[in-house]
Amino acid sequence: MTTLRQRVTAGIIIAVACGSVAACGADQEPDPETKTEVSSQEGQSFPDGSTLDTDFSDPDSVAENFVTIIESHNAAHESTEWASLARAEELMVPSSFEANMKITEGDVYTDWDVWRELKATTRPIVKVQDSEDDGTTATRIITAAINVNSGVPNQTARSGHRTHTITLTKQGDKWLVDTWKPSRLGDNKASQAGEK
């Protein structure tokens, strides 16, 4: 019996492999639109638990990096809207990965269908809005202003914002995400998140 994590990881690998095979067809002349689309995505790396400098002794650092990872998407290559959660697994209590994945099953919390059509990438600007600690448990409310960049020429996507409520628990000397609850995606007043 495969776990949800294995299915998500397999979906990511298949999507990336299929994209690579399509882009590298030896006998086919690349489509001009595909060239533009690929060049707009090239060189963009997406953060994961090993690439961000997380201070595990600081629940703010863990919570902010967790949201940065899960709100960073490449809709052209990810199998589902929250496949990004697999990249944040090392910031989570080991037993909580599948429980956190289940809260998103069968529901769309993002503009995922639009992002897929536009082959969009997303980048969040995150900050702690509220915090509460009791020594072994910490709650953080994190806001994410989400920039959305279209991978389709001459098409744009609206930016958005979301609030994440995160509970962290202390595991030895490390704070790790235990539970996570995202709000629905809301409109952002700025044309791109982070603009003044």
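This short talk covers the aromatic pairs of one protein and the surroundings of one threonine.

Colleagues, the structure is a predicted model, in which local features need pLDDT of at least 70, side-chain atom pairs count only at pLDDT 80 or more, and totals for chains, interfaces and linings use all residues. Residues are numbered from 1 along each chain as its sequence is written, and side-chain values use heavy atoms, with hydrogens and water left out.

I begin with the overall layout. The protein holds five helices and five strands; these are DSSP runs, with helices being H or I of at least four residues and strands E of at least two, numbered from the N terminus. Their order from the N terminus is α-α-α-α-α-β-β-β-β-β. Of the 196 residues, 40% count as buried, where buried means under 20% relative accessible area, exposed over 50% and partly exposed in between, with a 1.4 Å probe and protein chains only. Among contacts between residues at least 6 apart in sequence, 65% join residues at least 24 apart; a contact means heavy atoms within 4.5 Å.

I turn now to the rings. A search of the whole structure finds three aromatic pairs. Rings of Phe, Tyr and Trp (its six-membered ring) pair if their centres lie within 6.5 Å; planes under 30 degrees apart count as stacked, over 60 as edge-to-face and the rest as tilted. One of the pairs is Phe 66 with Trp 180, edge-to-face, at 6.0 Å centre to centre and 75° between the planes. Phe 66 belongs to helix H3 (residues 59-70) and Trp 180 to strand S4 (residues 174-182), so this pair ties together parts that are 114 residues apart in sequence. Both partners are buried: Phe 66 has a relative accessibility of 0%, and Trp 180 has a relative accessible area of 3%. Trp 112 and Trp 115 also form a pair, with ring centres 6.5 Å apart and planes at 70°, so it is edge-to-face. These two residues lie three apart in helix H5 (residues 112-117), which separates them by about one helical turn. Trp 112 is buried at 7% relative accessibility, as is Trp 115 at 2%.

Ring pairs also link Phe 66, Trp 82 and Trp 180 into a cluster. The C-alpha atoms of Trp 180 and Met 92 are 9.8 Å apart, although 88 residues separate them along the chain.

Two charged ends sit over rings. Arg 123 lies over Phe 46, 4.5 Å from the ring centre, and Lys 174 lies over Phe 56, 4.5 Å from the ring centre. The criterion is NZ of Lys or CZ of Arg within 6 Å of the ring centre and within 35 degrees of the ring normal.

Finally, I come to Thr 169, in strand S3 (residues 160-171). Is Thr 169 buried or exposed? At 14% relative accessibility, Thr 169 counts as buried. Its side chain is joined to that of Gln 171 by a polar contact of 3.3 Å. Beyond neighbours within four places in sequence, Thr 169 is in contact with residues including Val 93, Thr 136, Lys 174 and Asp 178.

Key: A polar contact is a pair of N or O atoms within 3.5 Å; within protein, one must be able to donate a hydrogen and the other to accept it, and residues adjacent in sequence count only if both atoms are side-chain atoms.
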